[in-house]
Amino acid sequence: MSEMITSSNIKQVVQKNKLIEGEIRSLIDDFTVRFNKSGVKGQDKLSISILQENGLIQIPIDDKYWGGAIIAKEKMKIPVINTAQPRVYQYFVAWHEIYHMFYDMNLSEETHNITIDMSLNERKADYFAAKMIFGNVYGYYYSLKDELFIDRVIKCMDVFKAPYKAVLIELFEDATIRYNDIDLQEKVLNHIDNKPEDLVQKFTDLGLDSELVKPSYVINLGGLERKILDAMKNDPGISYHKDNYDFLLSLKEKIIEEVEGFAE
C-alpha cells in the first residue's frame, strides 16, 4: 500500500534518499547515454517521447488517486498514464514509469500501479523521477523575490514542471542535507500537508500558464493500435487480430464519449 509523504515522515524519506542517491545518480548517467540520443529538449517531452516509443497508452480515468501503471507480460511492458490527472502529475508519473521499465529488476508478469502520492515503498522510482525533473531548485527558490513562500513554490512548479509535494521534498532535502537551512525546513513542514485547494487559480493569479495544473484528457492508444495493425499485416489470415482491432476502436470511442462527459 502506498504511503503519503507528510510532515511526519518527510525526514525519514530524505534519509532514504541519501542512502540511494549514489545508485540513482549512476542510473541517470546510464539513462542519459542510452536513451537521449535524439537530443530531445525538455524533460517532460523527453519522458513522454521515450514512453511513446515503448507503446505508451494515454487514457483519462476518473480516479484522482490513480496516476498510471505498467502492464507487464512476458517480455512486453506497456506503460499507461492517466490523463485525467493534471499534467504536472503526468510528467512525474512518466519518469516513475521509466525507472520501472528499464531499471526495476523486480517487475515481472504483473501490473505495477502508480499513485499520484509519492510512496515510501517506491522510493527509488520516485527519487529517479525527481532527479530527472529537477535542476537547482534551492538556488531558483532563493532567486525569487516573492514574499510568500507558497508563491515561490508555485513558481518552482512552473519552471521545473513538478508536482507540489515533489518541489517541497526537494527543497527540504537541500535545506536539511546540504545547507542546514532551518528556516526553509520549517516552512516546508508547515506547508507540505496544506496544498492550496485551487492551484489553477494560484497559477493564474501569478501570471503563469495554468494548463500545467489541469488535466490534458489526451487519448492515445497509438502504441497498441500499431502493434495490432502490424500483426494484421504479418498474419492477415488470423481473424482474431481483426477482432482485437475492432474492439480497440470501440473502446476508443467509448473513452472519448466519457471524456466529453466529465471534461465539460
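Two rings of Phe, Tyr or Trp (its six-membered ring) count as a pair if their centres lie within 6.5 Å; planes under 30 degrees apart are stacked, over 60 edge-to-face, and the rest tilted. By that rule, this structure holds 14 aromatic pairs.

The model is predicted: local features need pLDDT of at least 70, side-chain atom pairs count only at pLDDT 80 or more, and totals for chains, interfaces and linings use all residues. Residues are numbered from 1 along each chain as its sequence is written, and side-chain values use heavy atoms, with hydrogens and water left out.

**Stop 1: a ring pair.** Select Y141 and Y142. Their ring centres are 4.9 Å apart and their planes meet at 85°, so this pair is edge-to-face. Buried means under 20% relative accessible area, exposed over 50%, partly exposed in between (1.4 Å probe, protein chains only). Y141 is buried at 3%. Y142, at 37%, is partly exposed.

**Stop 2: a ring cluster.** Select F31, F35, W95, Y99, F102, Y103 and F128. Ring pairs link these residues into a cluster.

**Stop 3: the core.** A nonpolar core is a set of buried Ala, Val, Leu, Ile, Met, Phe, Trp, Tyr and Cys residues joined through side-chain atoms within 4.5 Å. The largest one here has 64 residues; F31, W95, F128, F134 and V167 have the most contacts inside it. A second, separate core has 7 residues, including W66 and I78.
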